[in-house]
Amino acid sequence: MLVEGNSLRATSRMAGCSFNTVSKLLLDVGDACAEYQSRVLVDLPCKVVECDEIWSFCYAKAKNVPAEHEGTFGYGDVWTWVAICADTKLAQAWLVGQRTTEDGLAFMYDLKDRMKERIQLSTDGHQAYRGSVLYAF
């Protein structure tokens, strides 16, 4: 039900179970998916990889975040970094964070560790990629 776009509360009502049960299931599934990705998506034979970031927000847009939550991750702007194989369309690596050099570096190291050999990497040229790609690869 969650995959179809239902909210946590709607899912708990339809399934006849506790909201906490649905929340725990969501966290458990997320952990299982992350473990699967770390175990299976390694030594990938991709040759051409495209990277980009997607903007979103949590709780509220940055300009509407209450003062007590300013600067706290999970409130305001959030960026999803994603690497996609141009040939297979497989998303080999992703990272949810800020649009900073530190997060760019963590993302690039994760991508590098998943590749079997050298790749052609294309990005939008954002500043966070400039140093990150050099250090990681």
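## Overall picture

Of the 137 residues in this protein, 28% count as buried, where buried means under 20% relative accessible area, exposed over 50%, and partly exposed in between (1.4 Å probe, protein chains only). The C-alpha trace spans about 50 × 35 × 20 Å along its principal axes.

What you see is a predicted model: local features need pLDDT of at least 70, side-chain atom pairs count only at pLDDT 80 or more, and totals for chains, interfaces and linings use all residues. Residues are numbered from 1 along each chain as its sequence is written, and side-chain values use heavy atoms, with hydrogens and water left out.

## Confidence

The predictor's confidence in each residue, from 0 to 100, is called pLDDT. The protein averages a pLDDT of 93, and 100% of the residues score at least 70. Among its elements, helix H4 (residues 127-136) has the lowest mean, 88, while strand E2 (residues 76-85) has the highest, 95.

## Helices and strands

How many helices and strands does the protein have? There are four helices and four strands. Both are DSSP runs numbered from the N terminus: helices (H or I) have at least four residues and strands (E) at least two. Along the sequence, the pattern reads α-α-β-β-β-α-β-α.

## The sheet

Four strands form an open sheet in the order E3-E2-E1-E4, with mixed pairing; two strands pair if DSSP finds at least two bridges between them. Strands E3 and E4 (120-122) lie at the edges, each pairing on one side only. E1 and E2 pair in the antiparallel sense over 10 bridges, and Glu50 stands opposite Ile84 in E2.

Helix H3 packs on this sheet and touches E1, E2, E3 and E4. Here, contact means heavy atoms within 4.5 Å.

## The core

A nonpolar core is a set of buried Ala, Val, Leu, Ile, Met, Phe, Trp, Tyr and Cys residues joined through side-chain atoms within 4.5 Å. In soluble globular proteins, nonpolar side chains tend to be buried together. Which members of the largest core touch the most other members? Among its 19 residues, they are Val49, Cys51, Phe107 and Leu111. Strands E1 (48-58), E2 and E3 (91-97), together with helices H3 (101-114) and H4, each supply at least two residues of this core. E2 gives the most, with four residues.

Take a look at Leu111: not counting residues up to four places away in sequence, Leu111 touches Val49, Cys51, Ala83, Gln92, Ala93, Ile119, Leu121 and Phe137.

Note on methods: Axes are lines fitted to C-alpha atoms, for helices over the stretch in contact, and angles run from 0 to 180 degrees between N-to-C directions.
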